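Dear colleague,

I am passing on to you the structure that follows, together with some notes on what I found when I went through it. Please keep the structure open beside the text as you read.

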Amino acid sequence: MAVQAQEGLAPAKPVFWNDPRFRALIYQVLVLGGVIAFGAYLVNNTIANMEARGISSGFGFLTKTAGFDIGQTLIEYNAESPYWRAMVVSIINTLMVSAFGILLATVLGFLLGVARLSHNWLISRLAAVYIEVVRNLPLLLQIFFWYFAVLRSVPGPRQSLNAWDAFFLNNRGLYMPRPLFESGFSLVVIGFLVAIVGSFVLARWAKKRQMTTGEQFPVFKATLGLVFGLPLLAFLVTGLPLSWEYAELKGFNFAGGMRIQPEFVAMLIALSMYTAAFIGEIVRAGILAVSHGQTEASYALGLRPGLTLRLVVIPQALRVIVPPLTSQYLNLTKNSSLGAAIAYPEIVLVFAGTVLMQTGQAVEIIGLTMAFYLTVSLLISLFMNWYNKKIALVER
Amino acid sequence: MKLAKALFAAAAAVGLSTAASAGTLDDVRGKGFVQCGVSQGLPGFSNPDTAGNWTGLDVDVCRGVAAALFGDASKVKYTPLSAKERFTALQSGEVDVLSRNTTWTLVRDTSLGLDFVGVNYYDGQGFMVRSDLGVKSAKELGGATVCVNIGTTTELNMADYFRANGMDYKPVVFEKADEVVAAYDAGRCDVYTTDASGLAAQRIKLKDPNAHVILPEIISKEPLGPVVRHGDNKWGDVVRWTLYAMVEAEELGVNSGNVDDMKSSANPNVKRLLGIEGEMGKNLDLPNEWAYNVIKQVGNYGESFDRNVGPNTALKLERGLNALWKDGGLQYSMPVR
């Protein structure tokens with residue numbers, strides 16, 4: 001009976017403007033259209049005004065000769081190189097300080113996080129004081145502090161601090177011998193690569209064997225032996241195909257060898273120490289988020305404290321740690337732009353600074369710089385999201 | 001509806017801000033002061049004194065414009081700009097005139113949408129080193145580390161000079177002039193390079209000014225002068241002729257002390273300059289006593305030079321290229337007639 005009644009009262013199809021789904025669609029189209037129209041108006045307005053004032057535009061400048069030099073170049077670059085090459089040099093410098101900064105900040109941050117949870121009163125207090133001081137001071141101030149602390153505490157080139165006539169420290173940087181690879185060294189590199197691939201295979205095999213037989217294999221020690229041993233063996237067999245180029249004082253400064261600039265050192269210290277303070281808190285939060293019952297259960301199963309930490313606590317803590325860690329990595333990368341304040345030749349100083357000044361094309365150059373930071377940030381996010389997914393709880 | 005309104009308002013705001021830059025002369029007259037872009041503190045050129053008043057050769061250009069326009073040299077507001085920010089600030093209308101030891105080059109004059117209106121200081125790039133290095137010539141600077149300010153012609157000239165002489169060097173590039181000086185003083189660099197007048201000015205700020213020498217080589221031409229926006233011709237004329245009026249006054253022997261007596265001078269050139277004869281002011285759309293006000297309140301070019309950078313100041317700069325043309329220099333006013 002009820003069924004029949006329903007058939008008789010089949011709901012009338014509403015008029016389309018009363019259909020909520022249709023209306024939602026219309027609103028979204030209208031808003032999107034408005035945003036696009038506004039954007040188009042801004043772009044159009046900018047182009048029209050720039051033309052009216054005779055400000056040049058376009059990306060043609062990228063292939064013109066730059067005509068200036070850069071203090072730290074990891075790829076071939078001189079004053080006759082084009083602007084795009086100056087951009088690449090500065091991007092590499094940004095990426096280098098960010099990558100080393102992330103590495104150092106992560107290690108230091110994990111140590112700090114663990115130290116703050118230590119049962120040793122002194123260690124946990126020291127970690128707490130460090131975190132509270134460092135994360136509550138502006139980063140720019142810390143960068144200036146380290147830069148001038150580094151600069152003023154070391155002597156000039158002629159009074160360099162000298163270690164074994166191979167390492168020299170002065171206010172122009174840290175000079176080290178540069179390795180010169182002779183023929184045959186490629187075998188050492190091949191040995192290293194083979195060792196890495198080999199250790200992955202070994203780890204898989206060991207895990208499979210443990211699954212089936214329960215027997216354990218000292219994977220860590222074997223990997224260590226493989227990674228160091230194989231290249232060393234190749235090195236000895238090929239007859240030590242390596243020599244060193246030492247830095248020596250010539251005129252004003254040291255020439256030859258490898259040099260680490262004081263600007264790089266100051267940026268690296270400031271960035272990693274600052275970010276490490278935040279990472280320390282994230283790590284502490286992650287570890288505290290794992291309920292103590294897990295540890296007790298693990299002990300009850302007979303696992304030693306080290307294994308408990310590695311196999312039970314950390315995998316669960318990582319699920320809490322990784323998402324906020326991602327934003328710290330992004331912060332560090334973006335904060336590297338503060339290097340412009342202490343002459344570290346990164347993208348804001350070189351590209352959005354010198355190149356912008358020499359060409360006067362602010363819109364294009366700031367656009368490219370923003371596109372670079374966006375790309376790097378998205379790539380870091382992408383990687384960290386992938387990693388987060390990998391360690392996420394797999395429900396079975 | 002709200003969103004549409006907001007969009008419309010935003011669009012209208014953008015439209016208005018572009019319309020407002022039609023004529024700087026009328027804008028400035030309307031708001032009652034000149035917004036002047038200056039350096040972040042370069043003694044002798046544009047530097048705030050202990051009371052916070054800006055003084056200097058570049059500042060006098062802005063004060064002169066205000067005197068010509070309003071009869072009151074104090075109607076100026078200053079915007080300190082780094083070398084990197086200066087052109088964008090002028091392009092975007094944040095300042096009306098840029099008077100900030102800026103070198104006149106072809107590229108800047110043509111591709112930035114700006115116009116240079118004159119030269120108030122003829123300069124050239126030099127090098128400063130510590131005297132204990134024993135360097136006597138810039139040709140001995142191979143292998144040196146050089147501190148330099150970003151976004152300057154200096155950065156390019158230096159690259160050209162070292163390349164032309166087959167010398168190697170390491171640049172250390174800072175955003176602010178103060179940071180360059182601090183790093184040089186801290187020993188980060190062997191050499192500090194900028195315009196020779198700038199070296200003289202910044203040397204005062206060093207811990208021990210006498211421990212540094214300026215090398216004899218001048219490696220470039222650096223004509224420094226005020227800049228206005230391209231296509232803003234009436235305003236450009238006002239700034240240009242204010243500059244010329246100061247030079248013309250020195251040439252005619254008119255200065256801030258005798259300008260009132262000079263009103264009764266028999267010299268027709270003086271009469272025209274001071275607005276007793278002719279309608280020079282009207283042609284510029286200014287009051288007829290415009291030049292009188294400039295000279296009375298700011299002084300002629302020679303007075304401005306002596307007061308700010310001359311031999312009796314800490315900078316101790318000689319007139320050199322900046323002497324009047326009849327004394328063998330390059331300062332030459334177009335005739336006021």
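Predicted model: local features only at pLDDT ≥ 70, side-chain atom pairs only at ≥ 80, totals over all residues.

**The sheet in chain B**

Gln125(B) stands opposite Asp195(B), a residue of strand E11(B).

**Domains and the contact between chains**

Chain B is assigned two stretches of domain 1, namely 24–122 and 224–327, and a domain 2 that covers 125–220. The C-alpha centres of these two domains of chain B lie 29 Å apart. Their contact takes 18 residues from domain 1 of chain B and 15 residues from domain 2 of chain B. On the side of domain 1 of chain B that touches domain 2 of chain B, there are 9 nonpolar, 7 polar and 2 charged residues.

Chain B also meets chain A, with 37 residues of chain B in contact with 39 residues of chain A. On the chain B side, the elements that give two or more residues are helix H1 (2–19), helix H4 (86–91), E9, H6 and E10 of chain B. Which of these gives the largest share? That is H1(B), from which 6 residues come. Sorted by class, the side of chain B that touches chain A has 17 nonpolar, 12 polar and 8 charged residues.

In chain A, the division is into domain 1 (2–52) and domain 2 (102–177 + 246–333). The centres of these two domains of chain A, taken over C-alpha atoms, are separated by 51 Å.

**The sheet in chain A**

Chain A has an open sheet of 4 strands in the order E1-E2-E3-E8, and the pairing is antiparallel. Its edge strands are E1 (161–163) and E8 (258–260) of chain A, each of which pairs on one side only. Neighbouring strands of this sheet are turned by 15° against each other on average, direction ignored. Strand E3 of chain A, residues 173–176, runs antiparallel to E8(A) and is joined to E8(A) by 3 bridges, and Met176(A) stands opposite Met258(A) in E8(A).

**Helix pairs in chain A**

In the pair formed by helix H6 (185–213) and helix H7 (219–237) of chain A, the axes come within 8 Å and cross at roughly 160°. That angle makes H6(A) roughly antiparallel to H7(A), and the crossing of H6(A) and H7(A) is right-handed. Among the residues of H6(A) that meet H7(A) are Leu187(A), Phe192(A) and Leu202(A), and among those they meet in H7(A) are Leu226(A), Leu230(A) and Phe235(A). The contact of H6(A) with H7(A) has 18 nonpolar residues, 4 polar and no charged.

For helix H10 (305–335) and helix H12 (362–391) of chain A, the axes come within 10 Å and cross at roughly 175°, and H10(A) and H12(A) are therefore roughly antiparallel to each other. The contact includes Tyr329(A) and Lys334(A) of H10(A), as well as Tyr373(A) and Met384(A) of H12(A). Its residues divide into 12 nonpolar, 5 polar and 2 charged.

Helix H3 (83–116) and helix H11 (347–359) of chain A pack at an angle of about 155°, with their axes 7 Å apart, and H3(A) and H11(A) are therefore also roughly antiparallel to each other. Here Tyr83(A), Met87(A) and Ile91(A) are among the residues of H3(A) that meet H11(A), where the partners include Ile347(A) and Phe351(A). This contact of H3(A) with H11(A) has 8 nonpolar residues, 2 polar and no charged.

With best wishes

Note on methods:
Residues numbered from 1 in each chain as written. Chains lettered and ligands numbered in written order. Pairing = 2+ DSSP bridges. Axes fitted to C-alpha atoms, helices over the stretch in contact; angles between N-to-C directions. Domains from an automatic or database assignment. Contact = placed C-beta atoms within 7 Å. Nonpolar A, V, L, I, M, F, W, Y, C, P; charged D, E, K, R; others polar. Parallel < 35°, antiparallel > 145°, perpendicular 65-115°, else oblique. Left-handed = near helix turned anticlockwise from the far one by under 90°.
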